[in-house]
Amino acid sequence: MADMQTLHAAFAARIDAILNALEMEGTLPPETPRSNVTVEPPRDPSHGDLATNAAMVLAKQAKSNPRALAEKIVEHLDRDPDITSAEIAGPGFINMRLSDDAWRRELEAIAALGADYGRSTMGDGRTVNIEYVSANPTGPMHMGHCRGAVVGDALAGLLEFAGHRVVREYYVNDAGGQVDVLARSAHLRYKEALGEDIGEIPEGLYPGDYLTPVGERLQQQFGDAYKQAPESEWLPIFREQAVAAMMDMIREDLALLGIHHDLFSSEAELQAAKKPEAAEAWLREHGFVYDGVLEAPKGKAPPEDWEPVELPLFRSTQFGDDQDRPIKKSNGAWTYFGADLAYHLQKAQGADELIDIWGADHAGTVKRIKAAVAALSEGEGKAIPFDVKLVQMVQLMRNGEPIRMSKRSGNFVTIADMVEEVGKDVVRFSMLTRKPEAQMEFDFAKVVEASKDNPVFYLQYAHARIRSTMRKAGVEPSGEHLDRLGAEELALVREAAQFPRVVESAAKAREPHRIAFFLGDLAAAFHSFWNAGNDDPSKRIIQEGDAELTAARLFLADAVGQVIRNGLVILGVEAVEEM
């Protein structure tokens, strides 16, 4: 059943067949490129059900004006019994209206394909590496990490649904100064576990109570061996142990959101394996790294202690950056960029495409990392698409009032807190109700409000209504008498039938929030259909004394529920059975 064509794909194939016929007739040259030909709903639904730009984009190759070519295409469309009208609009667009039977067959396709309805093969099995979350391993997951985590995970689900092989990766930043601070903070808690009064946590260390059990485990493991020992003896041991404990905590927090990564890549292991050195050698070999002197800071006098120092520089200006970037510091340590560059070279070796989900505060890094991946593409002689999605922070609210937080004082709302209060599905869906680059508020009171103004509730209520109707009906849904469905029912089919097209367009744009938007529109359409029955009993799904019409409308409602479930599967949200 899974290879059954959905309506939009079927009509795209019909347009393709017409273009084949026009090639045979000599109207189009043989093997005319068609990648820009689209078949999709017109922006204004009053213009028809589908529109194609074929005449517009192929007229030049046909040595014809668009309207003349459109007329030849329309001649073929007029012979199609599933097309009730095909009209030329403007400079050469073709608007088509489909027969009611075409929509009824789509309803049957939804039922036949079930959980596979909307799946696509557009990814063709290409491997996409998506790196998301990648929070420093210095504490529990807090709200600052939540939106990027959900966007990355939903994008992974979307691309899998659209036929890609996805690798979900977490980059563990365990080689920087912040993990030394973590180790020192753990050592303080270790001394506390040994009975020492540590007083107020000193400025610069992590104050959170989450390190108390880490200190207790270190005390159980090592006794008092490192209580008075010099830092050089215990720092590497405590760093490794504390990072491992934090990563266990992070995995548990992410699991509360239904998020599980395939791969955890350690920056410390990357450096221990000399990957940055190998990356530098590779880049030098291909002419992308040279030894040079950075220019003095622009726009102001350089600091008094500034001296021109020769450093290994990456030629990022060759790929659109505004200056070449050092990959090492003057003391020989790797810069953040140098380590990131090596990490991206490593990732690209196992993927056809790379996507990073970053916080909006990383915007300044995008250009240089894109330059690094572009250099890799050029050096390898193959294109490695690389995209960075920037995600804005979320303002937490309670009853319209902002929640004040400070990570420095240890006062912040964790993901575990959020999931415990409102539930995983509410958190996940809420994070996708705005474009990730747009600012958003998360109000703990509003996201659990039972009103149509709450998109999470409105969608879940639509599905629960459908399931409740199925349980109460006393009649099995049936596709035998779909001819009983009229214009209002078929309008709901039209809405649901957009799903396969939305999946492909969302996957192509790498924008999972489009699925959430579509589901919101479908839920609204279903509620409108349902509410019509409140005013006019003849429009209710269950019709006493008319089993055929009831079975047909149940078939329709069941199909809408199936599409909602398929969309929620992509987003990692469960569809509720009752509310």
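**The core and its surroundings**

Author: The largest nonpolar core has 141 residues, and Ile-73, Ile-130, Phe-442 and Leu-571 touch the most other members. Such a core is a set of buried Ala, Val, Leu, Ile, Met, Phe, Trp, Tyr and Cys residues joined through side-chain atoms within 4.5 Å; buried means under 20% relative accessible area, exposed over 50%, and partly exposed in between, with a 1.4 Å probe and protein chains only. Helix 19 (residues 547–571) gives this core its largest share, twelve residues. Helices (H or I, at least four residues) and strands (E, at least two) are DSSP runs, numbered from the N terminus.

Please keep in mind that this is a predicted model, where local features need pLDDT of at least 70 and side-chain atom pairs count only at pLDDT 80 or more, while totals for chains, interfaces and linings use all residues. Residues are numbered from 1 along each chain as its sequence is written, and side-chain values use heavy atoms, with hydrogens and water left out.

Let us zoom in on Phe-442. Leaving aside residues up to four places away in sequence, its contacts (heavy atoms within 4.5 Å) include Val-394, Leu-396, Met-397, Met-418 and Val-422. Val-427, Met-431 and Val-447 are also among them, together with Gln-395 and Ser-430. In soluble globular proteins, nonpolar side chains tend to be buried together.

An open, antiparallel sheet of four strands has the order 1-2-4-3. Strand 1 (39–40) and strand 3 (83–89) each have a single partner strand, so one side of each is left without a neighbour in the sheet. Strands pair if DSSP finds at least two bridges between them, and two bridges join strand 1 to strand 2 (residues 50–52). Val-39 has Thr-52 as its bridge partner in strand 2.

Elsewhere, strand 11 (residues 353–359) pairs in the parallel sense with strand 12 (residues 386–391) over six bridges, and Ile-357 is bridged to Lys-389. With helix 12 (residues 363–380), these two strands make a right-handed β-α-β unit.

Helix 6 (residues 177–193) is another enclosed piece: 13 of its 17 residues are buried, so the rest of the structure largely encloses it. Gly-195 follows helix 6, with a positive phi near 105°.

For contrast, look at two exposed loop residues. Glu-31, between helix 1 (7–25) and strand 1, has a positive phi of about 55° although it is not a glycine, and at 73% relative accessibility it counts as exposed. Asp-124, in the loop between helix 4 (100–113) and strand 5 (127–131), also has a positive phi, near 55°, and is exposed at 67%.

Stepping back, the protein has 19 helices and 15 strands, and buried residues make up 50% of its 579 residues.

Conventions. A crossover is right-handed if, with the strands pointing away from the viewer, the path from the first strand over the helix to the second runs clockwise.
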